[in-house]
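Welcome! Please take a moment to look over the sequence and the 3D structure shown here, and then read on for a short tour.

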Amino acid sequence: IDSLVTQFSEYPLISTGLGVLLGGFVAALIALIVKEWRGFRAVKACIETPLNLPALAKLDDRAVAEKRIREHAQRFGKDSYAARCYKQYQSALHADMTAADVSGLYESMVAVPVTKKAEEILRKEAVVSGSLAFISPNHLIQTLAIAWISFRTIRRIARVFGLRPGTAGSWRLFKVLAQNLAAQSLFDMATDELANQISGSLAAKVVENSAEAVAAGALNVRLGRTLIKLLR
């Protein structure tokens, strides 16, 4: 903004155009953050009432185990990956199964595949987070981009677990997200100081951005693994 104001007297049209583009870009990132925040609100119910498969396996009544699994699966969105796995689980049920068999079948056909799918998405989101941190021209845009990709990670992983939007969110995850953003800001200051000590060269800038990219990816993985642990 300071640069645009300084150049406005000499290049009013160019400065105005760049200002509009910068404002539009920041507004678009804020809109994306709001969108991802809505998806972030879908996790509390699943976290507060988890499905305890080991406890179900110890039950003597298969009907009770099936009922609890069915009640848990009612939270799944119709088009979610968890819902598709649950349909396959239902088709594999047999009348002679015990409660232990039912819970074991659910774990192998729903719980384990859903967790693997979530971890696959997390790896991709970590790469995107690191890439955005690497190419961000300044710390404001970098912080907004990391906030957006963090909320998107939460939403995508929650969708894999079949969560519907509109449920109240988990403040534990918000705490992790806030810690991640704070840690990224501290890391930004540290890398800035390191770059100043080295020099103002392009090589120093590349080293600084690379370090920030690694940190952003690692923090995104931390956020995603916390979410997977809570939902699993």
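With which side chain does the side chain of Thr153 make a polar contact? The partner is the side chain of Glu125, at 3.4 Å. Keep in mind, as you explore, that this is a predicted model.

## The overall picture

Let us step back to the whole chain. The protein has 10 helices and 0 strands, so its pattern along the sequence reads α-α-α-α-α-α-α-α-α-α. It is built from 232 residues, and 41% of them count as buried.

Contacts can also be sorted by how far apart the partners sit in the sequence. Among contacts with a separation of 6 or more, 80% are between residues 24 or more positions apart.

## Helices α7 and α8

Two packed helices are described by the angle between their axes and the distance between the axes. Helix α7 covers residues 99–135 and helix α8 covers residues 139–160; their axes are 10 Å apart, at an angle of about 170°. Because of that angle, α7 and α8 are roughly antiparallel, a description used for angles over 145 degrees.

Which residues of α7 meet α8? On the α7 side they are Val114, Lys117, Ala118, Ile121, Leu122, Glu125, Val128, Ser129, Leu132 and Ala133. Their counterparts in α8 are Gln142, Ala145, Trp148, Ile149, Arg152, Thr153, Arg156, Ile157 and Val160. Sorted by class, this contact has 12 nonpolar, 3 polar and 4 charged residues.

Thr153 belongs to helix α8. Is Thr153 buried or exposed? Thr153 counts as buried because its relative accessibility is 1%, and the cut-off for buried is under 20%. Besides the polar contact with the side chain of Glu125, a polar atom of the Thr153 side chain lies 2.7 Å from the backbone oxygen of Ile149. Setting aside neighbours within four places in sequence, Thr153 is in contact with Leu122, Glu125, Asn220, Gly224 and Leu227.

Arg152 is also found in helix α8. With a relative accessible area of 11%, Arg152 is buried. The side chain of Arg152 is joined to the side chain of Glu125 by a polar contact of 2.9 Å. Glu125 therefore has polar contacts with the side chains of both Arg152 and Thr153, where such a contact is a pair of N or O atoms within 3.5 Å.

## Helices α5 and α7

Helix α7 has another partner to visit. The axes of α7 and helix α5, which covers residues 62–73, come within 8 Å and cross at roughly 25°. The two helices are therefore roughly parallel to each other, as the angle is under 35 degrees.

From α5, the contact is made by Arg62, Ala65, Glu66, Ile69 and His72, while α7 brings Ala99, Val102, Ser103 and Tyr106. By class, the residues of this contact are 5 nonpolar, 2 polar and 2 charged.

## Val214 in helix α10

Our last stop is helix α10, residues 202–231, where Val214 is found. Is Val214 buried or exposed? Val214 is exposed because its relative accessible area is 59%, and exposed means over 50%. The C-alpha atom of Val214 is separated from that of Gly130 by 5.9 Å, although the two residues are 84 residues apart along the chain.

Conventions: Residues are numbered from 1 along each chain as its sequence is written. This is a predicted model: local features need pLDDT of at least 70, side-chain atom pairs count only at pLDDT 80 or more; totals for chains, interfaces and linings use all residues. Side-chain values use heavy atoms; hydrogens and water are left out. Helices (H or I, at least four residues) and strands (E, at least two) are DSSP runs, numbered from the N terminus. Buried means under 20% relative accessible area, exposed over 50%, partly exposed in between (1.4 Å probe, protein chains only). Contact means heavy atoms within 4.5 Å. Axes are lines fitted to C-alpha atoms, for helices over the stretch in contact, and angles run from 0 to 180 degrees between N-to-C directions. Angles under 35 degrees count as roughly parallel, over 145 as roughly antiparallel, 65 to 115 as roughly perpendicular and the rest as oblique. Ala, Val, Leu, Ile, Met, Phe, Trp, Tyr, Cys and Pro count as nonpolar, Asp, Glu, Lys and Arg as charged, and the others, Gly among them, as polar. A polar contact is a pair of N or O atoms within 3.5 Å; within protein, one must be able to donate a hydrogen and the other to accept it, and residues adjacent in sequence count only if both atoms are side-chain atoms.
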